[in-house]
Amino acid sequence: MDKYEILKKYFGYDSFRGAQETLIDSILEGRDVLGIMPTGAGKSLCYQIPALLTEGITLVVSPLISLMKDQVGNLNQAGIHAAYLNSSLTAGQYYKALALARQGRYPIIYVAPERLMTEAFLDFALHAGISMVAIDEAHCVSQWGQDFRPGYLKIPDFIAALPRRPVVGAFTATATREVRDDIIDIVRLREPVVMSTGFDRSNLYFGVMSGKDRYGAIRNYLETHRGESGIIYCLTRKQVEEVCQKLIRDGFAVTRYHAGLDDAERRKNQDDFIYDRAPVIVATNAFGMGIDKSNVRFVLHFGMPKNPESYYQEAGRAGRDGEPAECILYYSGQDVATNRFFIEHNQDNEELDEVTKALVAERDRERLQKMTFYCYTNGCLRDYLLQYFGEYGSSYCGNCSNCLTQFEEKDLTEAASALLGCVRSARQRYGTVVIIDTVRGARTAKIRDYGLHENPCYGALARMPVYRIRQVLQELQIRGYVTVTDDAYAVVRLTEKSGEILDGGQRFLMKMAKETGNASTRSEEKKRGKSRYGADDSAGAGRGELLFERLRSLRMELARKAKVPPYLVFSDKTLTHMCIQQPQTKQEMLAVPGVGEYKYEKYGERFLECIRAFQNSSG
Ligand code: ADP
Ligand code: MG
């Protein structure tokens, strides 16, 4: 068999994506590789396919039990023998797996890094004929990242101990230069073929929403996405409890996850989510590392996370199967204060000296500010994120709430001048709230105490709504016409650029949402009849939806019997393709992406029956 036949027979796909083929070819030629590809791009196949094409065993080093389980489950479902060796096995199970491995039963073995240098494992590895070591989540070797795992530092020693040096491949979704260089150095890759395919996840819709009733907004979202799987991230445990309770009261099948629950409950809730018994999970950021569930259709944030790195990582858990998915952030002004509190009371840095601690806190405040700008920008959200990670996006992606909002350009020079003038004449001593109160002419005790009712700009914007004034001040900050100090007082200061407007007569134009034009999201498009099941009229879309529902419940039934998570039976993407192609024969079913021969034998007939029954019911 060649690589294409393996791709088709076991995994059910017709062609490789992105850098996959180059990486596979390089490995087959005996070269080391470093693959940097975003979540969901398909890194696993890059080492799994060579493993099936070469003599000897491929060891996959993976940081988490849940990831190993998921991947081994996936391979077993595809008819490939694979096993994992980690602390979830009893001693008996462990030695049994090793014995089978010695007999050559597994072309692919997943192992936790801490095992590598243990006596029992080394004894096996030195005689086993290991042809490749694949390092998954390779950024775990780097202390720069958030996921540093000391165990990963054992990998080079292990490789050096082997009688023949295997091919070494490293894979990660983290693309910063420091991490990349660390991986190459620490793992000692030899002239690796490095492929980096960028950060963009084009199937993800990004949205930002503000508003008083965040709970109501999220409930409505779930209402229109019944049956879909999703994650709702909250900032605090208390919020998780509240949101979860309310959703249960309102009749949704949700579960919860945070560090305050005991191990057993956390594990149970996570499993309920993975097995789709509770399709929605409300969680703090403690949840998600090691979640490879491919059919997460939405990630909602009830509150703004602490920085764009966290946001992209959490939001990125949506749509791993490449199907459309939505990431929506519901923010409120209070989120900034909550996050500031976390920064000031960060317990993770206790062992650092005062100077380093202060530096870390300052960096955290800067990142928080970048996150805040994400919530306020009127530009393309995808572009904002990509630029933050040092990539060029395009200024229009057509798949985020800003690109889908109708904007008009408004001249806000008068408002900008009033705000800047106020800051200058008040000698840059006051915070945002006081400045805004001054220009809108508020009669508060503070304003009188400070004598600001005599400021020349007092009341200059009395007729402008407060939210609008705040928007203008935000925009002045984003574009560098003022800075706001990063402490509790948020004092507004002028910059070199301020003079361009104050004295230079420069105009200040702003993109503003048209009052009538509402943001449109993927969900709204769905309502209008543009379906991802192919049909363009609303009746057809409704039918597609119905067939999808039936296939999904069949999948659930089969998954229960096989005791595997439903998305390991077939991914959402595969079900969607079944809806579009509506296969009638074995041949046609095998042409559906994700249906390989082994899975066809196991499940194919049942799905064909289901499609046939559906067609007959349509009359
Ligand atoms: P990563 O580890 O890069 O996040 P995975 O290896 O888990 O991604 O793959 C994500 C999804 O993409 C899986 O459902 C996988 O089956 C699918 N996939 C991988 N390669 C292909 C391909 N060439 N064509 C279609 N789907 C693919
Ligand atoms: Mg992966």
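This note goes through a predicted model point by point, from its sheets and strands to its ligand and some single residues.

1. Basis. Local features in this predicted model need pLDDT of at least 70 and side-chain atom pairs count only at pLDDT 80 or more, while totals for chains, interfaces and linings use all residues. Residues are numbered from 1 along each chain as its sequence is written, chains are lettered from A and ligands numbered from 1 in the order in which they are written, and side-chain values use heavy atoms, with hydrogens and water left out.

2. The seven-stranded sheet. Seven strands form an open sheet with parallel pairing, in the order S3-S4-S2-S5-S6-S1-S7. Strands (E, at least two residues) and helices (H or I, at least four residues) are DSSP runs, numbered from the N terminus; two strands pair if DSSP finds at least two bridges between them. The edges are held by strand S3 (82–85) and strand S7 (193–196); each has a single partner strand, so one side of each lacks a neighbour in the sheet. From one strand to the next the twist averages 15 degrees, where axes are lines fitted to C-alpha atoms (for helices over the stretch in contact) and angles run from 0 to 180 degrees between N-to-C directions.

3. Strands S5 and S6 within that sheet. Strand S5 (residues 130–135) runs parallel to strand S6 (residues 167–172), and four bridges join the two. Opposite Met132 stands Val167 in S6.

4. Ligand 1, its surroundings. The shell around ligand 1 has 14 residues, the closest being Tyr13, Gly40, Lys43, Ser44 and Arg320; a residue is near a molecule or strand if one of its heavy atoms lies within 4 Å of it. By type, the shell has five nonpolar, six polar and three charged residues. Here Ala, Val, Leu, Ile, Met, Phe, Trp, Tyr, Cys and Pro count as nonpolar, Asp, Glu, Lys and Arg as charged, and the others, Gly among them, as polar. Helix H3 (residues 43–53) contributes the most to the shell, with three residues.

5. An oxygen atom of the ligand is 2.5 Å from an N or O atom in the side chain of Ser44. For the side chain of Arg320, the distance from an N or O atom to an oxygen atom of ligand 1 is 2.7 Å. A nitrogen atom of the ligand is 2.9 Å from a polar backbone atom of Ser15. On its own ligand 1 has 570 Å² of accessible area, of which the protein covers 85%; areas come from the Shrake-Rupley method with a 1.4 Å probe, and for residues only the protein chains shown count as cover.

6. Strand S11. In strand S11 (residues 280–283) both faces are covered: Val280 and Val282 on one side, and Ile281 and Ala283 on the other, are all buried. Buried means under 20% relative accessible area, exposed over 50%, and partly exposed in between (1.4 Å probe, protein chains only). Strand S9 (residues 229–234) runs parallel to S11 and is joined to it by four bridges, with Tyr233 as bridge partner of Ala283. Strand S10 (residues 254–257) also pairs with S11 in the parallel sense, over four bridges, and there Val254 partners Val280.

7. Strand S17. In a regular strand the side chains alternate between the two faces of the sheet. Strand S17 (residues 509–513) has Met510 and Met512 on a covered face and Leu509, Lys511 and Ala513 on an uncovered one. Strand S14 (residues 407–411) pairs with S17 in the antiparallel sense over five bridges, and Glu408 stands opposite Met512.

8. Two buried loop residues. Leu116, in the loop between strand S4 (108–111) and helix H6 (119–128), is buried at a relative accessible area of 0%. Thr485 lies in the loop between strand S15 (482–484) and strand S16 (492–494) and counts as buried at 18%. A polar atom of the Thr485 side chain lies 2.9 Å from the backbone nitrogen of Val491.

9. Two positive phi values. Glu137, a residue other than glycine, has phi near 50 degrees; this residue is in the loop between S5 and helix H7 (155–161) and is partly exposed, at 22%. Lys563 has phi near 55 degrees, lies in the loop between helix H22 (538–562) and helix H23 (566–569), and counts as exposed at 68%.

Key:
Polar contact = N/O pair within 3.5 Å; in protein donor to acceptor, adjacent residues only side chain to side chain.
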